[in-house]
Amino acid sequence: MAGWLAPDTGQAMQPIGTTFVEAMKMLIGPIVFLTIVGGIAGVADLKKVGATGLKALGYFQIGTICAMVLGLVAINIFRLGDGVNADPAKIETSGKAADLIDQGQNLQWWEFITHIIPGSMVSPFVEGDILQIIFMAVVVGIAINSVGKIGEPVLEMVQRLTTVIFKVLNFIMKAAPLGAFGAMAFAVGKYGVETLSSLGWLILLFYGTSLVFVVFFLGGIMAFLGLNIFKMLRHFREELLLILGTSTAEPALPGLMKKLQHAGVKKETVGLVVPTGYSFNLDGAAIYLSLAAVYIAQATNTDLSIGQQLGMLAVMLLTSKGAAGVAGGGFIALTATLSTLGTIPAAGIMLIFGIDKFMSECRALVNFCGNAVATLFIAWWDKSLDIERVRAVFNGEDVPPLEAVEATGAETGQSEPVRVPQGLRAGPAQSGALTGAVIR
């Protein structure tokens, strides 16, 4: 409302939203690293961790393919690009769009593999490269686990650092409403409400296709588990509103991990699947890629056969991973796809650059929902998911913290509890408070 009624005031609020997002991003790397290291180093059977990772990667690929196919079907049915008749030779690129296009054109399909290995132990945290942080965390976690008692002091230090980092997160999350307000006010004030009507049908189709994916595909998986997708969305409403305000799913990652653990998903499963999913399970980006690529082809009068479109999906499975965690990642992945194919002019991406801001919000929302469902499914696949507890938490019932349940011996037969990092669970009515946890 502020951005609409007073555009200049709305634009002036950009530092509020930007500062909050940067503060959250500051913690993403340490949280991902410490959580994965602690999860892997603290388990007795490394083979189980490896099996969980393979299951997750397999699920991610199936989900990505389904999302891309849905995007292809939608744009081929409605053919919104017909009649645009854009001439690629006359499309000019400049400024930020030109930089992103250049980055996408220089991105090779195999780079996501070689890029995983960082140049130093520090650079992934400085650059905020989630893929490299995950790689380092897995290696360090396995190393600590492998050295036995020698690694126990290191594991204890990791747990203590996790406690501190989540306490810092607790401080920052108190400013979440203000940060989301500043980001929304700037977006509306900068681009104007009328921007939403520019290429509005394409935005509407993207949002509609994403809604179908969440309700029917993700909802179908939840129904298979005996859970309700709408109750899950209500449970994560604070995180979804945060994503809507900041146009990125990263600030909501800690809240997702904390709430999933409180719902009964094991710490090691959450610590492995959620961060990995943020780089490999991008359902919203998958829908965007297939829908936008074919739209550009239609708008530039580039005919694509069914075979060519299916071949494009194979390329997208790689390019979407290559741009994971990169600023403007969806835009870069689309450019990389078009450049790799060579059949669709990459300059045509300028046709949708103006509305990418509004499509990025939906991409982030769907990515978040997809990762929440993926974690629940992988936990069920590992036979480690307490469906009744998850259902009770999603219903908003007064569910006791896990350590209180386990202290009664209801879930385990162990007699001595062990202390784990604070902040990795939340009380039943808590959405932002982070406290210590003692579980068995």
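**Cysteines, helices and confidence**

In this predicted model, the structure holds zero disulfides. Cys369 is accordingly in no disulfide, and the nearest cysteine sulfur, that of Cys362, lies 9.3 Å away, whereas a disulfide would need the two sulfur atoms within 2.5 Å. Cys369 is buried, with a relative accessible area of 5%, while Cys66 is partly exposed, at a relative accessible area of 30%.

An α-helix has 3.6 residues a turn, so residues three or four places apart point the same way.

Helix α13, residues 237-246, has buried residues at Glu239, Leu240, Leu242, Ile243, Gly245 and Thr246. After α13 comes Ser247, which has a positive phi, near 65°.

The chain averages a pLDDT of 76, and 68% of the residues score at least 70. Confidence in the chain is highest in helix α12 (residues 229-235), at a mean of 96, and lowest in strand β2 (residues 437-439), at 32. Over residues 407-440 the pLDDT is below 50, although this stretch has 77 contacts in the model beyond near neighbours in sequence. Residues 194-198 also stay under 50, and for them the model has seven contacts beyond four places in sequence. Where pLDDT is low, the predicted coordinates should not be read in detail.

Key: Residues are numbered from 1 along each chain as its sequence is written. This is a predicted model: local features need pLDDT of at least 70, side-chain atom pairs count only at pLDDT 80 or more; totals for chains, interfaces and linings use all residues. Side-chain values use heavy atoms; hydrogens and water are left out. Buried means under 20% relative accessible area, exposed over 50%, partly exposed in between (1.4 Å probe, protein chains only). Helices (H or I, at least four residues) and strands (E, at least two) are DSSP runs, numbered from the N terminus. pLDDT is the predictor's confidence in each residue, from 0 to 100. Contact means heavy atoms within 4.5 Å.
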